[in-house]
Every structure is written in structure tokens, then in C-alpha cells.
Amino acid sequence: MAASCPLPVTQDLSTLRAKLQKLLRFLREALPISNAHTVDFYTESVWEKLVDSPPETVLSALRTSAAASKACPLEEAGRMSEVTDFPKIFCETSQKLVNVEAFALAAKCYSVQNLGICTPFDQLLVALHGNQKQKTDENVKLDEFMNLKKSHEVQAMSELISSIAEYCGIKQIIDLGSGKGYLSSFLSLKYGLKVYGIDSSNTHGAEERNRKLKKHWKVYRRRSKPDVSGLALQTTKERKVQDETKCKADIEGICNNSNANQEKPSTSEFLSEFSGSVISDIRRQMENLKVYSHREENLCFENAFSLRELLPVNAIEPNSSSQIPKRKMSEASKERRKITSKSNESNIYSPLTSIITADSELHDIIKDLEDCLMVGLHTCGDLAPNTLRIFTSKSEVKGVCSVGCCYHLLSEEFENPHKEYTQERRGFPMCHYLKEEKWCCGRNARMSACLALERVAVGQGLPTESLFYRAVLQDIIKECYGITKCDRHVGKIYSKSSSFPDYVRKSLKKLGLDESKLPEKIIMDYYEKYKPRMNELEAFNMLKVVLAPCIETLILLDRLCYLKEQDEIMWSALVRLFDPVKSPRCYAIIALKKQQ
């Protein structure tokens, strides 16, 4: 190791397994809530089957829990360690939820933050840096390079990755699922690391964007370089306007043609943040909510002179003879140019196209593979566990830093016990204990794990009315068309509909059903039938949101225990990198191998 400071002490495998066992005990009772599909809420009588209280009582209990948490945080912390009597939460005979306050307390207890399994980010950075100050280019301005969410993520993760690389004495980084290459290019640009960004589909877009940026950088260079006589920069107003207009149009073209990229006060503070006003106003918030989809992160450059600092090193062409007058160059200048050229060649971002599995051979993808770190920012579905498997199986990969997302796309080994799987390894579970338990979450539970509890806590709730529309539509389809299961999806019809009847007709048309046979009166009769029960759906969704962090905790604990089980791992930890309101999937799995 390049540094000698000890890394923070983390919990051992036996301690993590004990916490995992307690979490499983709670989830065995609570998981049916997360596995209930909102689409089938009315057709399957979900509320009657799973909750033994009226919706008003559930919402009131959440408010009561929030008030208690805020008034006596220390007393509540003591109560959290004593949540073991689960029959008081769920009925022993009916398995229905009977104690909402205890349910909320248990869910809070088994979140990542309250289980005490997280290593503080700042503490880790101090240990990695030791007494040395990290060398970076202080002039790089991330908010001019990407949107605020991506800027927040890239800044935190690149700082951690570069610190780990320096600690281990490593210069090569492999970025799996690199997408547009924001993290890769920033690691190369700011920290001088040689980065290979591997993605299955978006690499061509990254290369094309770099090619066009090379071309249009010439415009900026003409404005920033002195002429042959050593005069000031070109100041002709007409030339400036032409350059700015052309560059702006071209940069916008680059942004518009790029493919879209694939992706908390803390959880422990949720109940104290979840006020009664949030619950009572949730419908209005739902209707106006703009959900954080994985939007295209367009490049926005407002300062031409900061653009150079934000481009990958190889995006800038060397000075050509047509732009610089021929003159005699000193030997010192020639030597400096050689050194600079070699530096630029070694510290670059190289986008590569490949589909990565747990069995991928890195030498077939990267010809000059050396000791490296493997990283991934919001690696989707099985790519996150496969990243960890590659790390443990390839001797060249000395460390890993992985932030996963899209839990609903994980494959589960025990999801269908009657189906014979091939030898391909599944994304969940990974650790021995959960494999022995043959534990299965289910797709709906994994989908609910993606719910952003902290965003709901600050008022960015769930789209209740659109979910209500879809649940009522399902009852119409079942009773009027005799269809209980449909392979087609309605999609985002709600935002394009002017009313419930309009929503129903557009949805039926998309599903390939004859909407003309359904009079508007019948449609409205269904609406009026379920409208008084909309609060059931609202309250049930809040229960799913409260439970979501526990399912995410299970997935993260599975991955951390897997790493703890490997003999060659020197150190492994779970670290919260991001503000969960800005970026809900905020936890990184980090591990380093033992020195050879």
C-alpha cells in the first residue's frame, strides 16, 4: 500500500449475520406488504387481506410515531433496540398488520443507518489520505459539466475512488456501466487516472460527443490564444458573435443527440421528518410531482474558458502548424512537449463496448490490464453483484467501489422454485447465509425497495391519483373484459389524459381492447365506487415506503456479507456517499484485497 494509515474498523461477519437474522425475522412478517402489487389493489382486496385497521388509523399512527420521535429521540433510540416482539406488530393467526406504530419503529430500527453497519464517509477519507493532502485541479467546476444530481454523485464518488487509488498506489480504473462517461472522464481529468469505461450500449455516444467537442474546441482556442505578433486576444465583435453562435448551436446539437443515461435526511430521521402536513397534503403533492426519472444529463457550458478543464484529456487536439506560426523551438520547450504528450496519453478516458457478466475475461477487453480498481456508479440490476464477483475472482482487481441501483432488475435464485435455472449465477442472494435460507424477496418487493423514503419525507411523495386510476382500470378490465393477467403495460397514459374516462379509453386502446363497448357512465360508476377508498391506497403506499429501506438493507447486507466471506479480502465496508434526497441509491460497497 502506498499509505500506512489504518482503515476504520468495521463489523465482522458474525456480527453482520446476527443483524441479518433479526432483519429477516421482521421481513418474514412484513414482506407481503411490499410484494402486494398496486395494480391489483382493489381486484385482490389487498387492504382487507393485509391491514387490520382503517386507513385513517394508519395515517394517524404515522403522525403519532413522528411526533414521538421528534419529542424524545433518545428515548426512542432505546426503544428501537428492544423491538423483538413481532406478534404485537402482526396478528399471529391472520398475519395482518395490527400495530402501525411498532411497524414504523421496527422498519426504522432495521434501516442501514440504525443498524450501525455504515462506515462514515469523512472518517474513511481521513484514513485514506493520512497526513497527505490530495492533489487535484481546483479549477474544475462540475456544475458546468453535468446536472446537479450527477454533479453531486460524481464529485463524491470520484473523491473516494481517487483516494483509494492513491492509498493502494494504483493508476488504472475500470468503470463498469460507464454510460456517458461522466465519472470516467472526471477521474481522468481531475485526478490524472487512466480510466477504461465499459458499457454495453452507450459507448458510441460518448465517442461521438468527444469527437465533436474536439472540433469545436478550436473556437475557444482562437479566442484564448495570442496571435503571432503577441497581440491581445481577438476582440472583433463580429468574430466573437459568430464564434459564440456557432459553438452554442453545435454544443446544443451534441447534447440533444446524446442518448439518455441509464439510476436522504438519513433514513433514521424519517419519522421525525414525516409531518402530518406531508400526509394530509399528499394528494396535491402527488399530482404536481415531477418524478426523478433517469433524465438526460445535458452538458451546459456557460463559461468558455472553464470548458477545457471539463473535457476528457484526449478531447483536445494538439496545436497544429496551421494555427501556430513556424518558429524555432528551444530544446527545453521540445522536452516539455514530449513530457506533456506522454502524460496525456497515460491519463485518458477510453470508452469500450462490452456486455459484462460475472465470468467476463478482462484481458480480452483491456489489452494493457494492470493492477486496478473496479468501480460502478449506479450499476443496474445484476451488474452490481457481478462487479463484486469479478473483483473477488480477478487477481488484477485490487479494490472495488460499487453503487448499485434498479433492484427490481436483479435476478433471484429462489424466486421460482419450480423452474430449473442454468449454471448462470443470480444477482441475489450472494452470501452463504441467505443461500442456506433459500431467501427470496420477490420482484414487487425489490421494486418497492427503490422507493425514495427520504424524498417522500420532504414532500416529494408518490403519484397517488395515477396509481388509483391504474388500480380501478384493472377492476374494469377484469369485470368487463374477463382478463385477470395482461402482458402489456399501460405506460405513462395518466400524464396524457384529461380525465378518468379519457385515461380508461386510452389505456384500453393501448392494451388492444375494444373501448367502444364501454359507455362513459359505466366508467364513471367504477370511479365513484372506488373514490371513497382512495385513502386505502394512499395509506398502503405509505406503509410500503416506510418498509422500503429494510429491503434495501437486506440487499446491501447480502453483498457486504459475501465480501466478508472471502479470504483474500483485507477490508470491506458500506459507506453512504450521497445525500439521499438528491440521489436515493446512495450506498457504496467498498473492499480492498490483501497485499500479495
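Colleague: Is Glu 413 buried, partly exposed or exposed?

Modeller: This is a predicted model, in which local features need pLDDT of at least 70 and side-chain atom pairs count only at pLDDT 80 or more, while totals for chains, interfaces and linings use all residues. Residues are numbered from 1 along each chain as its sequence is written, and side-chain values use heavy atoms, with hydrogens and water left out. Buried means under 20% relative accessible area, exposed means over 50%, and partly exposed lies in between (1.4 Å probe, protein chains only). Glu 413 has a relative accessible area of 29% and is therefore partly exposed.

Colleague: Which side chain does Glu 413 meet in a salt bridge?

Modeller: Side chains of opposite charge can pair when their charged atoms come close. The criterion for a salt bridge is a side-chain nitrogen of Lys or Arg within 4 Å of a carboxyl oxygen of Asp or Glu. Here the partner of Glu 413 is Lys 435, at 2.7 Å from N to O. The pair links distant parts of the chain, 22 residues apart, with Lys 435 in helix H19 and Glu 413 in the loop between S5 and H19; helices (H or I, at least four residues) and strands (E, at least two) are DSSP runs numbered from the N terminus. Lys 435, at 29% relative accessibility, also counts as partly exposed.

Colleague: Are Arg 446 and Glu 412 buried or exposed?

Modeller: Both Arg 446 and Glu 412 are buried, and their side chains meet in a salt bridge at 2.6 Å, N to O. Because Arg 446 lies in helix H20 (residues 443-448) and Glu 412 in the loop between strand S5 (397-405) and helix H19 (432-436), this pair ties together parts that are 34 residues apart in sequence.

Colleague: How many residues apart are Glu 153 and Lys 150 in helix H8?

Modeller: They are three residues apart in helix H8 (residues 148-168), which means that about one helical turn separates Glu 153 from Lys 150. Their side chains form a salt bridge at 3.4 Å, N to O, and both Glu 153 and Lys 150 are buried.

Colleague: How many salt bridges does the structure hold?

Modeller: There are 17 salt bridges in the structure, and Glu 48, Arg 533 and Glu 536 are linked in a network of such bridges. As a setting for these pairs, the chain has 25 helices and seven strands, and buried residues make up 53% of its 596 residues.
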